Amino acid sequence: MKEVMKIGGKLAAICAIAAIALGVVNAITEPIILAARAEKLRLALSELSAGLEIGEFIKTDNESSIIGYYPLSSGEKTEAYIINIIGDGYAGDLNLLTAISNGGEVLSVVLMEDTETPGLGKEAENASYMEKFIGTGNGSIIPSSKSHLNAKDADSITGASITFIGIGKALNEAAGFVSQLGGM
Amino acid sequence: MLKEFTKGLIKENPVFIIVLGLCPALGVSTKVINSLGMGAGVIFVLLGSNIFVSLLKNFIPEKVRIPAYIVIIASFVTIVEMVMEAFLPALYDSLGVFVPLIVVNCIILGRAEAFANKNTVKASILDALGMGLGFTLALVIIALVREVFGLGTITLFPMGSFNGVIEIPGLIDSPVRVFGLAAGALLVMGLLKALFTWIEDIRRVKQ
Amino acid sequence: MSYIGIIITFVFINNFILTQFLGLCPFIGVSKNVESAVGMGFAVTFVMALASISSWVIYHYVLVPLDIVFLQTISFILVIAALVQFVELVIQKISPALYKALGIFLPLITTNCAVLGIALINVRNDYNALESFIAGIAAGLGFLLAILLMSTIRVKLDTEWVPKPFRGIPIAFITGGLMALAFMAFDNALLKNLLG
């Protein structure tokens, strides 16, 4: 019995020391991690807002893929919205922030989080990937299938067409949501 | 003494010869920089666990040695996880779940059990460095093949005016994308393992 | 996501071995004959289901209330190690026959990436208790499916001529690669089309 206590005690001592050491490291790194996350969101929002004033985040309460939105205004007038929407990627969800004008034009898109395959869908993390969506909508089609693209752009998404379609569909939905908001 | 260091690089290379630590080797080897980051994480954990296991070899009771080793290893892994998330968030994101999974990398527990608990601290450090570098070397080789063919680039650290990405002319415009996929990883690993076996055979025949 | 969605996702779309590289060591190491592959597959499924549910309990009732989520990795791996020991003891007592079939695989499971992997992935996906449990079983079945297919192919390969440097492990990797290529047919779009 004494032997068991001794062994257990030693193991407990190792665990306790490990837990304390980790607590110390965590106390140092946690504020840095939180600050970096807030900074990432702030940077994305300031890029998306293009100088317009960002309003309060409004959560949508329904079960749709739209999580919520920020109104963008200049002066009193709401000019556009930043929509936070979840699209379907190849391997899982794509968390997108997109600025859409009242007229339904896609102004900019940022991919915040994804679980895509590196080298394929992951390419969507590059800012240039989103160029083919920008300026579409408001009369023209927001591309959500390969046939909407010119040959060069269609080539560039080869191997990542599911990611592309996922983003395209999400943007279409976001644009539809903005037109509803405008009607209110 | 030096042989404790060099054995891990080629002769007992953990990935190509002993075939251990495969999940991270294939999971993160899409880009060279991911391999380097993973390698650095594994070297740190391996060093830490080898040093502590070797130091505590008379303190840790024989019966509970495996749980004790696991606690030591998991602590170092968690430190890597927290430090990487704080200071290298982009790398942390691209390595994803493979960072905490360093815990179950058989190489680390294997070295604690097979080497560090019977050897001096100094030998254990050399062993850890050798095995860690051997692991990193293997990951970089796999990543080089996969990234050059699959993306047409070689991604390293950004330094000064150099953005860290070397583009391979010809492949950048029409890469063989399958190399970047899960399937490509397994195919590349099979081909490299065959290459190593072939070289080994030739060497044996010569002797 | 619906429960059926989770099952399809973890068995086919995100098959642990063929798309996530989790559990590769036993996939290559224990797939030389069908019998041991099936034994390993069931043992892993069993432990993964238990690990999913117990790591969920630890996470939501210990780590989160005490605000020590940073101890997640260390506590999950200890839970898994203890669980494997416990399962080994129970099986040994209850069914010696089952112990004889699964026994040698159990110690290997602690260091199987797939088991710790499912515990961590459940947390990352914010699954509730039942979803975690189902994900654990489904991921285990995905593992079983992949290792069963692999062992069947390897048994056939034994009677075929293979170039000398490729014999054994290299050809197993290449076989796995071709299987992974086939599994690419399963993706999120397929899931959406199936479930609407």
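I began in chain A, where A:Ile83 stands opposite A:Thr98 in E5(A). This is a predicted model, in which local features need pLDDT of at least 70, side-chain atom pairs count only at pLDDT 80 or more, and totals for chains, interfaces and linings use all residues. Residues are numbered from 1 along each chain as its sequence is written, while chains are lettered from A and ligands numbered from 1 in the order in which they are written.

Next I looked up the strands (DSSP runs of at least two residues, numbered from the N terminus). E4(A) and E5(A), residues 93–101, pair antiparallel over 9 bridges; pairing takes at least two DSSP bridges. On its other pairing, E4 (residues 77–88) of chain A is joined by 8 bridges to antiparallel E3 (residues 66–74) of chain A. I noted A:Tyr81 in E4(A) as the bridge partner of A:Pro71. The E3(A)–E4(A) hairpin has 2 residues between its strands, and A:Gly75 in the turn has a positive phi of about 70 degrees.

Then I turned to the cores. I took a nonpolar core as buried Ala, Val, Leu, Ile, Met, Phe, Trp, Tyr and Cys residues joined through C-beta atoms within 7 Å, with buried meaning 20 or more other C-beta atoms within 10 Å of a residue's own, C-beta atoms being placed from the backbone. The largest has 127 residues, and B:Ile73, C:Ala114 and C:Leu116 have the most contacts inside it. Helix H4 (residues 65–87) of chain B gives the most to this core, 14 residues. A second, separate core has 32 residues, including A:Leu48 and A:Tyr70.

Technical notes:
A residue is buried if 20 or more other C-beta atoms lie within 10 Å of its own, exposed if 12 or fewer, and partly exposed in between; C-beta atoms are placed from the backbone. Helices (H or I, at least four residues) and strands (E, at least two) are DSSP runs, numbered from the N terminus.
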